[in-house]
Amino acid sequence: MEMLQQLHLAAQYLATAGISFLEKKADDSHTNLGFSVNKARLETWPLDSAGTQLCLNYREFALEWSSKEALSLDLRGKGHEEVVTWLKRTAEQLGLPPYHFDLHYSLPYSMDENFKFEFSNADQVEHLIQSRTLAQRALASFLEKEELVSEIRIWPHHFDTGAFTALNDGSGKSIGLGMAIPDTLVDTFYLYISGYRGNEALRTWAFKSLARGKWVNDGFKGAVLPISGLTTEIAVQFFQEALERYKN
């Protein structure tokens, strides 16, 4: 999906803003992003005491500073160096420390000197917005219903919407759950949930099957469900049913 790749690459400018302006955290959480359902955009953590954020607006296909000054950059036709130059200039304009584009992980696609950002398919972008919105709402509803607490964040490396929380049943178990982009496990957007005791993933081979989705126990250990045709309610039911298997 061309626009998924374009937005995944563009999200790295937000990740590197976190690297440039925030205190480093061992789990890399200073680089992760929020998703605003109302504004259909990715947002960094606040980058200074004034609450400045760098954002990626899906529909406008633009970088936006949420700050004292309304600054934005339409990405259409822009090369990587043009974007970096704009970010360095506007960061200085906003009184932020120097901005650097410096990633410590690899992506499945790259930007060479001939790369230009291109907004090629508005329908794909709407699908991506709907997918993020479904994930955000389903995770928030599930956490509330189960009385569990977690941030819901997008991790710029794998570009998944995820949450992680310890169970409150005294078992010492925790769960990671969310929505992943297409990969070698599932060739479309999909929900996932996995259980842990400490740093070790819990095996699923003996678990009772699910009404929707399936258990995986090879490499990734957990349950997966493609999001096509799902409602928020069905997504929540999938997470709840899988959670019950982990509790038993």
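A residue counts as buried when its relative accessible area is under 20%, as exposed when that area is over 50%, and as partly exposed in between. Asp74, with a relative accessible area of 34%, is therefore partly exposed. The model discussed here is predicted. It holds seven salt bridges, and a search of the whole structure finds 14 aromatic pairs.

**Salt bridge between Arg41 and Glu64**

- Arg41 and Glu64 form a salt bridge in which the closest N and O atoms are 3.0 Å apart.
- This pair links distant parts of the chain, 23 residues apart: Arg41 belongs to strand β2 (residues 41-43), while Glu64 belongs to strand β4 (residues 62-66).
- Arg41 has a relative accessible area of 8% and is therefore buried.
- Glu64 is likewise buried, since its relative accessible area is 15%.
- Arg41 and Glu64 also belong to a network of salt bridges that includes Glu43.

**Salt bridge between Glu82 and Lys116**

- A salt bridge joins the side chains of Glu82 and Lys116, with an N to O distance of 3.6 Å.
- Glu82 is located in helix α2 (residues 80-93) and Lys116 in the loop between α2 and α3 (122-145), so the contact ties together parts that are 34 residues apart in sequence.
- Glu82 is partly exposed, because its relative accessible area is 40%.
- Lys116 has a relative accessible area of 46% and is therefore partly exposed.

**Arg76 and its two contacts**

- The side chain of Arg76 meets that of Asp74 in a salt bridge, at 3.1 Å from N to O.
- Arg76 has a relative accessibility of 35%, so this residue counts as partly exposed.

**Aromatic pairs**

- A pair of aromatic rings is described by two values, the distance of the centres and the angle of the planes.
- Among the 14 aromatic pairs is the one formed by Phe35 and Tyr58, which is edge-to-face, with 5.9 Å from centre to centre and 70° between the planes.
- Phe35 lies in strand β1 (residues 34-36) and Tyr58 in the loop between β3 (53-57) and β4, so their pairing ties together parts that are 23 residues apart in sequence.
- Both Phe35 and Tyr58 are buried.
- The rings of Phe142 and Phe239 form a tilted pair, because their centres are 5.6 Å apart and their planes meet at 55°.
- Phe142 is found in helix α3 and Phe239 in helix α4 (residues 232-247), so this pair ties together parts that are 97 residues apart in sequence.
- Phe142 counts as buried because its relative accessibility is 0%.
- Phe239, at 1% relative accessibility, therefore counts as buried as well.

How values were computed: Residues are numbered from 1 along each chain as its sequence is written. This is a predicted model: local features need pLDDT of at least 70, side-chain atom pairs count only at pLDDT 80 or more; totals for chains, interfaces and linings use all residues. Side-chain values use heavy atoms; hydrogens and water are left out. A salt bridge is a side-chain nitrogen of Lys or Arg within 4 Å of a carboxyl oxygen of Asp or Glu. Helices (H or I, at least four residues) and strands (E, at least two) are DSSP runs, numbered from the N terminus. Buried means under 20% relative accessible area, exposed over 50%, partly exposed in between (1.4 Å probe, protein chains only). Rings of Phe, Tyr and Trp (its six-membered ring) pair if their centres lie within 6.5 Å; planes under 30 degrees apart count as stacked, over 60 as edge-to-face and the rest as tilted.
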